[in-house]
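The entries follow the order in which I took up the residues.

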Amino acid sequence: MPENKPVIGLSWEPKLPQLSLGTKKSSNEVPGASAVYKPSSELMDGLFVPPNDPKKVNKLLRKQIKDTTGKNWFDMPAPTITPELKRDLQLLKLRGAMDPKRHYKKSGSKSKTLPKYFQVGTVIEPASEYYSGRLTKKERKTTLTEELLSDRKLGEYRKRKVREIEERNRPGGVDKWKNRGPQSRKRAKQRRH
């Protein structure tokens, strides 16, 4: 009588119980196919074997590779953008409008899109700048936005600028009838003709 020798290697295939909840299955749906389990046609001895087609293999490999800048940029990963990070990046793009005394070079991209690859770090000041260039614990904030909003000088500058813009755009009551030299003569001449 021949003995059944066990097959070397794994030969396990997950068996899922068929649940009938009264819903109809569509005809194009493959039974047992999901994100976790592959249909038995794709399993060999219960294990997933990649296809022989090079196009399909390349597609699978592309899905597995992490999104990075590449070897020349030390494989910097693309971070997940949270609302706080998004706000900080927008502030960095508009930094030219924050401080009147500081001028920045125009950014290379005129697009309004945020950068895909970047890193956020913490500046640690040296011991020599303990009194001169150090932020106190009260001045330290978690995000750049909070730090700028808590800055008193920057707040005063913003309020002054908003006031100037509002005064400039305010409709002039009696001012619109003021004599402004040649400009008012031109308008009067145009009204007559």
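**Entry 1: Glutamate 139**

I set aside the neighbours within four places in sequence and found glutamate 139 in contact (heavy atoms within 4.5 Å) with Arg134 and Glu147. I note that this is a predicted model, in which local features need pLDDT of at least 70 and side-chain atom pairs count only at pLDDT 80 or more, while totals for chains, interfaces and linings use all residues. Residues are numbered from 1 along each chain as its sequence is written, and side-chain values use heavy atoms, with hydrogens and water left out.

I located glutamate 139 in the loop between H2 and helix H3 (144-150); helices are DSSP runs of H or I with at least four residues, numbered from the N terminus. Is glutamate 139 buried or exposed, or partly exposed? Glutamate 139 counts as partly exposed because its relative accessibility is 39%; buried means under 20% relative accessible area, exposed over 50%, and partly exposed in between, with a 1.4 Å probe and protein chains only.

I found aspartate 88 in helix H2 (residues 83-93). Aspartate 88 is buried yet has no salt bridge, a salt bridge being a side-chain nitrogen of Lys or Arg within 4 Å of a carboxyl oxygen of Asp or Glu. Which side chain of opposite charge is nearest to aspartate 88? It is arginine 87, at 6.2 Å; for charge, Lys and Arg count as positive and Asp and Glu as negative, with His and the chain ends not counted.

Beyond four places in sequence, I listed Thr143, Leu144 and Thr145 as the contacts of aspartate 88. I then turned to threonine 143, which lies in the loop between H2 and H3. Threonine 143 counts as buried because its relative accessibility is 15%. With residues up to four places away left out, threonine 143 touches Glu84 and Asp88. Its side chain reaches the backbone nitrogen of glutamate 146 at 3.4 Å.

**Entry 2: Salt bridges**

How many salt bridges does the structure hold? I recorded four. Side chains of opposite charge can pair when their charged atoms come close.

One of them joins aspartate 67 and lysine 116, with the closest N and O atoms 3.1 Å apart. This pair links distant parts of the chain, 49 residues apart: aspartate 67 is in the loop between helix H1 (54-64) and H2, and lysine 116 is in the loop between H2 and H3. Aspartate 67 is partly exposed, with a relative accessible area of 39%, and lysine 116 is partly exposed at 48% relative accessibility.

I next examined glutamate 125 and arginine 140, whose side chains meet in a salt bridge at 3.6 Å, N to O. Both partners are placed in the loop between H2 and H3, 15 residues apart. Glutamate 125 is partly exposed at 27% relative accessibility, as is arginine 140 at 42%.

Glutamate 164 forms a salt bridge with lysine 161, the closest N and O atoms being 3.5 Å apart. These two are separated by about one helical turn, because they are three residues apart in helix H4 (residues 152-169). I finally noted that salt bridges with shared partners join Arg160, Lys161 and Glu164 into one network.

Methods
Polar contact = N/O pair within 3.5 Å; in protein donor to acceptor, adjacent residues only side chain to side chain.
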